[in-house]
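Please look at the sequence and the model before reading on.

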Amino acid sequence: VLMFLFEFFEDQMLAFMVFSVVWVSEIFCMVKVRGNYSMRKFPSFFLLLFLIYLLYVYSYPLGFTYVAFSCWVCSVCSVMLYFSNRFQRREGGIPVHNAIFTTTIFP
């Protein structure tokens, strides 16, 4: 897989970093994404962000590829945090965004 990415990106460090982000996103998807909405939407958002990144990298081959990579990583992290905080449930079945207003004493 890495040899294909090395030829595809023509920069070994960038190819390895892209591989790492895709791997971390896959691990996040296997571990954290459990709800129906998250299972349908998170891969779509990741694919959209990845295609935007690839579109920039191949539209401007002498452009700021590492800056675009940093923006892509920040966008993927924000999508991960959004799905993790908004759509995942805690052990008690309380959604995370409503769990702030409840306590163990006064449910």
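The largest pocket is lined by F8, F9, E10, D11, L14, V57, Y58, P61 and T65. A pocket here is an open set of points on a 1 Å grid over the protein atoms alone, where a 1.4 Å probe fits and protein lies on both sides within 12 Å along at least five of seven lines; lining residues have an atom within 4 Å of a point. Two or more lining residues come from each of the helices α1 (2-9) and α3 (36-59). Helices are DSSP runs of H or I with at least four residues, strands are runs of E with at least two, and both are numbered from the N terminus. The lining holds six nonpolar, one polar and two charged residues, where Ala, Val, Leu, Ile, Met, Phe, Trp, Tyr, Cys and Pro count as nonpolar, Asp, Glu, Lys and Arg as charged, and the others, Gly among them, as polar. The volume of this pocket is about 160 Å³, taken as the space filled by probe spheres set on the points, which are joined across faces, edges and corners.

The model is predicted: local features need pLDDT of at least 70 and side-chain atom pairs count only at pLDDT 80 or more, while totals for chains, interfaces and linings use all residues. Residues are numbered from 1 along each chain as its sequence is written, and side-chain values use heavy atoms, with hydrogens and water left out.

The protein chain has five helices and zero strands. Of its 107 residues, 29% are buried; buried means under 20% relative accessible area, exposed over 50%, and partly exposed in between, with a 1.4 Å probe and protein chains only.

F16 gives another case. Its place is in helix α2 (residues 12-31), and F16 is partly exposed because its relative accessible area is 41%.
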